[in-house]
Amino acid sequence: MYTHTMIIGGTGMLRSASLELATRSRRLTSVARTRRSLSTLDRDWPAGAGAHDILSLDWTMPGLFLEGIKHHVARTGGPDLVVAWMHEDALTLRIAARLAEDSPIPHFFHIIGSAKVNPLKIADSLRMSAEATNLHHYHQIVLGGHGSGRRVRWLTDWEISRGVLQAVERQKSMYVVGTLERWTGAPIDACDYQVRRGYR
Ligand SMILES: NC(=O)c1ccc[n+]([C@@H]2O[C@H](COP(=O)([O-])OP(=O)(O)OC[C@H]3O[C@@H](n4cnc5c(N)ncnc54)[C@H](OP(=O)(O)O)[C@@H]3O)[C@@H](O)[C@H]2O)c1
């Protein structure tokens, strides 16, 4: 059971992961841009789940975004689990660093998409930055596709949410959801990739 889980960008494709983690957390903070998406998630909050705090913040205003999170954490206490799905990778690392200033975060999961650029390249570069700033407990979840050859398709929201939950449970440095065949030319799964790259 987590004391305080924080999910950034968890009201869309990660919705079912948010609702599941709610049942495994005493408190869960959802951070998203609009009150509308946050309220919709709150409406479906499972009975018996932990308290739900909603934070409406826009990451296109990084200063205000970071301050909003910092202010919230000063009131509630730091999270012991963070899952971040943002379209701003550099800002994600800044949040991880800022949260770690006050209290160590046991686990920070950074979700990396695979829309245009090989996500493994992005992941490697982000990992180097995280190591340079001594970010401990930094995990990456890389979103791949489903299927192989010409039949590769995007993962569904449910597949992504389920993969994210598995990644949180397994606590690997890097976890690939689905396949990265489009980028690697061969089927590859999380364990395989970890072995090849020497990740734990
Ligand atoms: N396989 C892959 O690699 C991959 C990668 C990317 C996307 N996809 C697919 O594409 C679909 C759409 O993905 P998506 O990321 O656009 O949507 P999404 O995950 O469904 O929603 C984005 C989340 O981020 C929040 N958000 C967006 N802009 C924000 C901002 N400026 N400040 C703070 N929070 C913000 C949203 O809150 P609000 O709704 O309140 O704005 C929401 O919680 C997904 O359903 C998925 O299937 C797949």
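How many salt bridges does the rule of a side-chain nitrogen of Lys or Arg within 4 Å of a carboxyl oxygen of Asp or Glu give? By this rule the count comes to seven salt bridges. The structure is a predicted model, in which local features need pLDDT of at least 70 and side-chain atom pairs count only at pLDDT 80 or more, whereas totals for chains, interfaces and linings use all residues. Residues are numbered from 1 along each chain as its sequence is written, and side-chain values use heavy atoms, with hydrogens and water left out.

One of these salt bridges joins the side chains of Arg-27 and Asp-53, with an N to O distance of 2.4 Å. Because Arg-27 lies in strand S2 (residues 25–32) and Asp-53 in strand S3, the pair ties together parts that are 26 residues apart in sequence; strands (E, at least two residues) and helices (H or I, at least four) are DSSP runs, numbered from the N terminus. Strand S3 itself covers residues 51–56. Asp-53 counts as buried at 13% relative accessibility, while Arg-27, at 25%, counts as partly exposed, where buried means under 20% relative accessible area, exposed over 50% and partly exposed in between (1.4 Å probe, protein chains only). Not counting residues up to four places away in sequence, Asp-53 touches Arg-27, Leu-28, Thr-29, Ser-30, His-72, Arg-75 and Thr-76, contact being taken as heavy atoms within 4.5 Å.

A salt bridge is also found between the side chains of Glu-101 and Lys-70 (3.6 Å, N to O). This pair links distant parts of the chain, since Glu-101 is in helix H4 (residues 89–102) and Lys-70 in helix H3 (residues 62–76), 31 residues apart. Glu-101 is exposed, with a relative accessible area of 55%, whereas Lys-70 is partly exposed at 22%. In the salt bridge between Glu-159 and Arg-153, the closest N and O atoms are 2.9 Å apart; Glu-159 is buried at 13%, and Arg-153 is partly exposed at 35%.
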